[in-house]
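Please look over the sequence and the structure shown below before reading on. The report that follows takes up helix packing, domains, cores and a few individual residues in turn.

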Amino acid sequence: MNIRLTSGKILHILEGKSILQTLKREGIYLVSSCGGKGICGKCRVRLLEGKVGSVSTGRLQPPDIDRGIVLACQTFPEEDILIDIPKESRLVVGDRIEVSRSRDLFELFQSLNAKIFPIVRWVSLDIPPPTITDNNSDLERLKKAASGKGLKDLRFSHGFVSSMATALRNANWKVNLAYTDAPEAILLSPMEDKNRYGISIDIGTTTLVVYLVHLTDGRLIDVGSTYNSQIRYGDDVITRIIHASEGNGLDELRDTVVSDINTLLTPMGERHTVNIECIESAVISGNTTMLHLFWGLNPAYIREEPYIPTLNSFPLWKAGAAKLNINPQAPVYTVPCVASYVGGDIVAGVLASKMHRNSEIALFMDIGTNGEIVIGNTEWLVTAACSAGPCFEGSGITHGMRATEGAVESVRIDPQTFEPTLGIIGQGKAMGICGSGMIDAITEMFLRGIIDRKGKFVKGLETERIRKGLEGPEFLFSSNEGRDIVLTEVDIENIMRAKAAVYAGISLLLQKVGFTFDDIERVYIAGGFGNYLNIEKAIIIGMLPDLPRERFRFLGNTSIAGGYLCLLSESMRKEAEEISRKMTYVELSVSRRFMDEYMSALFLPHTNMGLFPTVEKLLTIK
Ligand code: FES
């Protein structure tokens with residue numbers, strides 16, 4: 001049996017495999033947020049010919065079914081079929097994505113009064129070449145020269161020694177020897193070669209960023225970024241952990257992310273004539289699950305109570321062990337984690353924010369695929385993770401999508417007619433709603449009286465935009481060629497749950513340390529979604545505390561910024577370790593007080609209006 005695509009491509013179907021599995025095997029990926037469980041409703045394809053067996057999971061609307069739309073993960077061909085894959089169902093992960101490139105990285109480094117002290121150090125060795133009468137081995141000669149420079153008891157791996165003889169002769173016995181503190185020899189290069197390179201990598205659940213850095217002066221040479229192709233196996237960390245425990249899922253996830261990084265590295269090296277084999281060190285930052293997957297460690301126990309990772313503090317393993325396409329002997333520093341759901345990305349973020357050095361009480365928030373918060377100052381730090389993220393990246397929302405072309409990113413609703421005006425990324429047709437669009441939409445619907453404080457549609461309004469859908473009431477934002485973009489009451493409930501989790505997390509942490517919202521002197525917002533967050537609207541829906549707006553600062557991708565700092569300096573690595581040790585992790589999922597806070601925050605903006613005086617004023621004026 002075969003699947004024929006409208007493009008003409010023909011794919012053979014293996015016995016018992018779904019359309020999604022068949023497409024995936026052939027390298028054609030669909031948006032599959034739930035990892036193929038039939039829950040997200042995103043893997044839609046249009047069946048044009050042929051008979052199939054489908055499992056109904058109630059995720060398709062009758063008009064979709066009438067058009068021949070099926071869920072690829074729940075549909076099993078029974079004969080040759082012809083399908084069309086709509087644009088919005090295609091997962092494009094190879095694209096270069098926009099990253100917040102910090103222009104002032106080196107300035108940040110200098111502001112921390114740190115000195116450049118990379119992971120690898122160098123010593124120049126002028127080794128006497130062998131002669132017929134001086135016939136010591138190459139290694140003996142190298143050891144003797146190194147010992148003359150005070151480097152005793154150096155260790156030599158098989159990998160180093162196997163390329164040593166040629167490297168010594170190619171450099172005419174005048175070499176630079178790179179070594180670590182262990183002390184261990186890492187690589188040899190000709191003495192005249194003064195260039196030294198390292199990479200900092202941020203492995204996000206959704207995106208990947210690589211910085212190529214000159215280690216002598218801290219110069220950022222190039223930035224590479226792409227989607228994390230692990231998205232093929234599900235959007236959030238839980239779906240990935242489940243996939244890692246199935247068959248060879250762990251290897252698949254590991255190979256996928258390493259291949260993404262290597263694919264970014266090759267053109268970066270070519271663009272700057274840097275032999276990537278000469279990259280001498282790397283720093284990896286990311287959440288605890290991503291770091292486990294990168295190193296091929298089973299993340300299964302992260303998900304099971306009592307939520308214990310295999311490790312928080314990673315040894316200085318080699319690039320070869322990770323299959324990174326740099327010098328295989330290069331040490332890879334992993335930014336330490338705090339707990340299963342507060343990873344190296346948050347430690348790196350705190351480091352880059354400098355909140356751990358200041359006496360003022362600061363709140364650090366990273367709202368990405370998950371939501372992590374840290375509160376503290378130079379004396380103490382408390383942290384927690386709240387399951388806030390995936391919905392703001394489109395997961396679990398009927399027409400949710402990432403902030404890419406076709407996403408509704410801003411919404412205005414006319415107070416009289418209730419007609420919406422949409423801002424769409426790329427200015428084409430609306431294909432879905434991204435996180436900032438969702439917050440805009442809920443704010444507008446709330447301020448225009450379309451939904452009440454519980455997020456429920458107000459009955460009796462004169463507009464055909466509110467209609468009855470498969471999951472109950474919904475608001476129609478746009479309609480294009482049979483594809484309606486709506487926000488359902490269930491979607492609104494999911495978004496309100498996410499925003500309530502963030503606010504309740506902050507509230508609980510503050511209670512733990514005996515402070516109130518007013519004590520927060522600075523709010524740092526990091527993470528991809530943070531870049532597009534409208535502070536005013538996030539306050540109106542009750543996701544952010546109602547604090548003076550000048551206290552909020554956007555920091556962009558602090559995970560990669562912190563990784564860069566660790567790549568450059570030993571004191572920064574020590575500081576990151578100190579931060580991870582100092583942070584007190586609070587497990588929210590077992591806290592009854594958190595549940596109380598959460599329930600109170602499930603309103604717009606909150607049950608207690610007194611916590612949102614500016615919103616209260618806005619509603620009164622209205
Ligand atoms: S419904 Fe098919 S991947 Fe989620």
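## Helices α4 and α5

In this predicted model, helix α4 (residues 138–148) and helix α5 (residues 158–170) pack at an angle of about 80 degrees, and the two helices are therefore roughly perpendicular to each other. Their axes are 10 Å apart, and the contact is formed by D138, L139 and L142 on the side of α4, together with V161, M164, A165 and L168 on the side of α5. By class, the residues of this contact comprise 6 nonpolar, no polar and 1 charged.

D153 has 10 C-beta neighbours inside 10 Å and so counts as exposed. N172, placed in the loop between α5 and β9 (174–180), is likewise not a glycine and has a positive phi of about 55 degrees; with 12 C-beta neighbours inside 10 Å, N172 counts as exposed.

## Helices α6 and α7

Helix α6 (residues 237–244) meets helix α7 (residues 249–271) at an angle of about 125 degrees, with the axes 6 Å apart, and α6 and α7 are therefore oblique to each other. On the α6 side the contact involves R240, H243 and A244, while α7 contributes G249, L250 and L253. Sorted by class, this contact of α6 with α7 has 3 nonpolar, 2 polar and 1 charged residues.

## Prolines in loops

P299 sits in the loop between α8 (288–294) and α9 (300–303), and P299 is buried, because 24 other C-beta atoms lie within 10 Å. Apart from neighbours within four places in sequence, P299 is in contact with I241, A244, T289, H292 and L293. The C-alpha atoms of P299 and T216, by contrast, are separated by 36 Å, and the two residues are 83 places apart along the chain.

Two further prolines follow cis peptide bonds. The bond from E305 to P306 is cis, with omega near 10 degrees, and P306 lies in the loop between α9 and β15 (317–318). A cis bond also joins L604 and P605, with omega about -10 degrees, and P605 is found in the loop between α18 (592–600) and α19 (613–621).

## Domains

According to the domain assignment, the protein has domain 1 (2–89), domain 2 (105–115 + 196–334), domain 3 (121–190) and domain 4 (391–493). The C-alpha centres of domain 1 and domain 2 are 33 Å apart, and their contact takes 6 residues from domain 1 and 7 residues from domain 2. On the side of domain 1 that touches domain 2, the residues divide by class into 2 nonpolar, 3 polar and 1 charged.

## Cores and a buried helix

The largest nonpolar core has 156 residues, of which V210, A282, V347, F364 and I433 touch the most other members. Helix α14 (residues 489–513) gives the most to this core, namely 13 residues. Apart from this core lies another, of 18 residues, which includes I13, L23, V31 and C43. Not counting residues up to four places away in sequence, F364 touches G349, V350, S353, M355, I373, V374, Y524 and A526.

How many residues of helix α16 (residues 558–568) are buried? The count is 11 of the 11, so α16 is largely enclosed by the rest of the structure. Among these buried residues are T558, I560, G562, Y564 and L568.

Conventions
Residues numbered from 1 in each chain as written. Predicted model: local features only at pLDDT ≥ 70, side-chain atom pairs only at ≥ 80, totals over all residues. Core = buried A, V, L, I, M, F, W, Y, C linked by C-beta atoms within 7 Å. Buried ≥ 20, exposed ≤ 12 C-beta atoms within 10 Å, placed from the backbone. Helix = DSSP H or I, 4+ residues; strand = E, 2+ residues; numbered from the N terminus. Contact = placed C-beta atoms within 7 Å. Axes fitted to C-alpha atoms, helices over the stretch in contact; angles between N-to-C directions. Parallel < 35°, antiparallel > 145°, perpendicular 65-115°, else oblique. Nonpolar A, V, L, I, M, F, W, Y, C, P; charged D, E, K, R; others polar. Domains from an automatic or database assignment.
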